[in-house]
Amino acid sequence: MIKEKVNLNWNELKFSYIKTDYRFLSFYRNGIWDEGNLIESNELILNEGSPILHYGQGAFEGLKAFTQKNGSIAIFRPDMNCKRLNLSAKRLLMPEIKEDKFLDALEKVIKSNYRWIPPYGVDASFYLRPFEIGIGENLGVKPANEYLFYVFGVPVGPYFKEGFKPVSMIVSEFDRAAPKGTGNVKVGGNYAASLLPHEKAIDEGYSDCIYLDPRENKYIEEAGAANFFGITKDGRFLTPKSDSILQSITRLSLMQIAEDQLKLKVEETKIPIDSLDQFVEAGACGTAAVITPIGKIKYKDKEFVFYDNGKSAGPITTKLYNILLSIQRGEIQDKYNWVYIVNI
């Protein structure tokens with residue numbers, strides 16, 4: 001392991017791909033996973049019949065590692081990501097990955113790429129991308145006979161270029177997922193379907209779009225590639241309740257912080273799009289975005305504007321953001337045991 005850091009301007013990093021030194025690769029054949037190993041090449045060779053290429057049989061995760069204040073490296077809630085990956089795998093008839101194998105793969109990638117992990121005190125983190133895909137000879141619509149589990153990591157900056165500053169969003173006329181479909185798992189098809197709505201939002205001058213429920217088209221589902229939350233005028237933390245949205249680990253963490261530390265009433269509930277005027281603050285949350293304050297949302301011919309006329313993050317959103325990051329960076333006590341320390 002090389003201790004000397006690479007020469008990067010850590011505070012200028014974007015949320016984009018950078019080739020690092022090593023990644024983890026493991027194969028599932030004849031009913032079992034092999035031990036897997038680190039490799040240097042960042043290219044994969046797949047059979048042309050691989051189900052991932054034709055039928056989208058694949059799922060992925062995203063999580064972050066941070067350099068803490070004391071210099072140790074911590075991964076944020078990796079056990080939850082393992083559970084969610086296995087939920088996705090089960091939905092797509094793929095073999096599950098045991099937690100010890102999942103954690104071992106993350107540790108190997110972190111240790112072998114230590115020089116790429118942003119130091120403490122910068123607005124950056126080490127983003128880990130585990131995924132599982134169906135591979136091998138196949139033609140018909142059926143589960144693969146072989147699978148690949150892979151983990152790579154890259155140093156990243158904020159997901160939205162604005163960082164922790166309010167963005168504007170527009171309600172999309174497209175549906176993100178179908179009722180009883182795959183909206184609650186992290187599979188590639190959900191994101192492929194979001195490319196056009198996102199591009200349209202960008203073309204119209206917005207950072208991303210808000211999706212409504214696919215059944216009635218009246219309740220908020222998600223904010224682009226992140227979960228939605230809002231702070232009401234009477235101090236409640238509201239977030240959508242739906243079987244069609246991905247259960248964000250960041251959102252679950254914020255809900256607990258809001259209730260335990262900020263003493264807010266937390267509710268998962270249906271949020272009608274025409275009730276946005278009940279909120280004084282709004283935000284999008286997820287692993288990549290952490291928290292992105294939402295300054296305004298356009299719906300048809302109406303525009304909903306939040307705290308400070310949409311110019312700055314609200315006080316509760318700011319507190320939630322600072323507490324979460326402080327836990328991840330080891331600046332305050334992790335009384336929830338959310339951080340997983342990697343022994344370097």
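**Exercise 1. In this predicted model, determine in which helix Lys-108 and Asp-104 lie and how many residues apart they are, and then classify their contact.**

Step 1. Lys-108 and Asp-104 are both found in helix α3, which covers residues 99–112, and they are four residues apart, about one turn of the helix.

Step 2. A salt bridge requires a side-chain nitrogen of Lys or Arg within 4 Å of a carboxyl oxygen of Asp or Glu. The side chains of Lys-108 and Asp-104 meet at 2.7 Å, N to O, and form such a salt bridge.

Step 3. For the surroundings, buried means under 20% relative accessible area and exposed over 50%, with partly exposed in between. Lys-108, at 32%, is therefore partly exposed, and Asp-104, at 31%, is likewise partly exposed.

**Exercise 2. Find where Arg-176 and Glu-222 lie in the chain, and decide whether Arg-176 is buried or exposed and whether Glu-222 is buried or exposed.**

Step 1. Arg-176 forms a salt bridge with Glu-222, and their closest N and O atoms are 3.2 Å apart.

Step 2. This pair links distant parts of the chain, since Arg-176 belongs to the loop between β9 (167–171) and α4 (188–192), whereas Glu-222 belongs to strand β11 (residues 220–223), 46 residues apart.

Step 3. Arg-176 has a relative accessible area of 11% and is therefore buried, and Glu-222, with 4%, is buried as well.

**Exercise 3. Describe which way the side chains of strand β6 point, and identify the strands with which β6 pairs.**

Step 1. In a regular strand the side chains alternate between the two faces of the sheet. In β6, residues 73–76, Ile-73 and Ile-75 point one way while Ala-74 and Phe-76 point the other way, and all are buried.

Step 2. On the side of β5 (residues 63–67), the pairing with β6 is antiparallel over three bridges, and Ala-65 stands opposite Ile-75. The hairpin of these two strands has five residues between them, and Gly-71 takes a positive phi near 95° there.

Step 3. Strand β18 (residues 339–342) also runs antiparallel to β6, to which it is joined by four bridges, and here Tyr-340 stands opposite Ile-75.

**Exercise 4. State how many salt bridges the model contains, and name the residues that are joined into one network.**

Step 1. The count comes to 12 salt bridges. One of them joins Glu-303 and Lys-296 at 3.8 Å, N to O.

Step 2. Salt bridges that share partners connect Asp-234, Arg-236, Lys-265 and Glu-267 into one network.

Technical notes:
Residues are numbered from 1 along each chain as its sequence is written. This is a predicted model: local features need pLDDT of at least 70, side-chain atom pairs count only at pLDDT 80 or more; totals for chains, interfaces and linings use all residues. Side-chain values use heavy atoms; hydrogens and water are left out. Buried means under 20% relative accessible area, exposed over 50%, partly exposed in between (1.4 Å probe, protein chains only). Two strands pair if DSSP finds at least two bridges between them.
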